[in-house]
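I opened my notebook and wrote down what I looked up, entry by entry. Each entry starts from one spot and follows its surroundings.

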Amino acid sequence: MDFEHMSEVDVAHYILTQKKEPMHYKELITEVIETKHKPVQSLAMAISEIYTMMNMDSRFHYEGESRWGLTEWVPPEVKRSSSRSSGGTAKNALTKEAARKKKLESIQN
């Protein structure tokens with residue numbers, strides 16, 4: 001493979017495809033830099049730049065605890081629920097539902 005002519009996110013995708021499991025973002029990005037033999041003046045800046053590109057690329061999925069995997073590994077129902085911006089915990093949903101019912105009752109009385 002010609003890693004030097006591939007984008008950083010393409011190399012990250014390739015690495016995750018080969019590993020077949022999520023990786024901590026620093027470990028993944030460090031491996032990307034090493035694989036591409038990319039000269040880096042500031043490691044922090046390179047990590048920030050590649051992390052941002054991964055975050056904007058729909059092929060990548062944040063797994064939590066600073067670990068990134070591939071979207072294709074995530075079951076469809078998880079993809080849908082994780083795309084909501086509500087915060088999404090079951091307890092939070094029950095609390096919101098209870099608050100909604102209370103408001104409806106106060107309007108009806």
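**Entry: M23**

I started at M23, which sits in strand β1. This is a predicted model, so I checked confidence too. Among the elements of the protein, β1 has the highest mean pLDDT, 94.

Is M23 buried or exposed? M23 has a relative accessible area of 3%. The cut-off for buried is under 20%, so M23 counts as buried.

Next I listed its contacts, leaving aside neighbours within four places in sequence. M23 touches I15, L16, L28, E31, S66, R67 and W68. I also looked up one pair of C-alpha atoms. M23 and Y62 are 39 residues apart along the chain, and their C-alpha atoms are separated by 9.9 Å.

**Entry: the whole protein**

I stepped back to see the layout. I found 5 helices and 3 strands. From the N terminus on, the order is α-β-α-α-β-β-α-α. The protein has 109 residues, and 27% of them count as buried. I then looked at contacts with a separation of 6 or more. Residues 24 or more positions apart account for 48% of these.

The mean pLDDT of the protein is 81, and 79% of its residues reach 70 or more. Which element has the lowest mean pLDDT? It is helix α4, residues 76-82, at 59.

**Entry: helix α1**

I went to α1 and checked its length. It has 12 residues, and at 1.5 Å a residue they should span 16 Å.

Which residues of α1 are buried? They are E8, V9, V11, A12, H13, I15 and L16. I noted a rule to go with the list: an α-helix has 3.6 residues a turn, so residues three or four places apart point the same way. The buried residues of α1 pack against β1, α2, α3, β2 and β3.

I picked H13 from that list. H13 lies in α1, which covers residues 8-19. Its relative accessibility is 19%, so H13 counts as buried, given the cut-off of under 20%. Not counting residues up to four places away in sequence, H13 touches R59, F60, L70 and E72.

**Entry: α1 against α3**

I compared the two axes. Those of α1 and α3 come within 9 Å and cross at roughly 75 degrees. That makes α1 roughly perpendicular to α3, because angles of 65 to 115 degrees count that way. By class, this contact has 5 nonpolar, no polar and 1 charged residues. On the α1 side I found E8, V9 and A12, and on the α3 side I50, M53 and M54.

I then looked at M53, in helix α3. M53 has a relative accessible area of 29%, so M53 is partly exposed. Leaving aside neighbours within four places in sequence, M53 is in contact with E8 and V9. The C-alpha atoms of M53 and E8 are separated by 8.3 Å, though the two are 45 residues apart along the chain.

**Entry: α2 against α3**

How do α2 and α3 pack? Their axes are 10 Å apart, at an angle of about 105 degrees. That makes α2 roughly perpendicular to α3. From α2, the contact uses Y25, K26, L28, I29, V32 and I33. From α3, it uses L43, A46, I47, I50, Y51 and M54. By class, I noted 11 nonpolar, no polar and 1 charged residues in this contact.

I wrote the background down before I looked. Most residues other than glycine have a negative phi.

K20 follows α1. K20 is not a glycine, yet its phi is positive, about 60 degrees. K20 lies in the loop between α1 and β1. Its relative accessibility is 66%, so K20 counts as exposed.

S66 was my other case. S66 is not a glycine either, and its phi is positive at about 65 degrees. Where is S66? S66 is in the loop between β2 and β3. Its relative accessible area is 25%, so S66 is partly exposed.

Key: Residues numbered from 1 in each chain as written. Predicted model: local features only at pLDDT ≥ 70, side-chain atom pairs only at ≥ 80, totals over all residues. Heavy atoms only, no water. Helix = DSSP H or I, 4+ residues; strand = E, 2+ residues; numbered from the N terminus. Buried < 20%, exposed > 50% of the residue type's maximum accessible area, 1.4 Å probe, protein only. Contact = heavy atoms within 4.5 Å. Expected span 1.5 Å × (residues − 1). Axes fitted to C-alpha atoms, helices over the stretch in contact; angles between N-to-C directions. Parallel < 35°, antiparallel > 145°, perpendicular 65-115°, else oblique. Nonpolar A, V, L, I, M, F, W, Y, C, P; charged D, E, K, R; others polar. pLDDT = per-residue confidence, 0-100.
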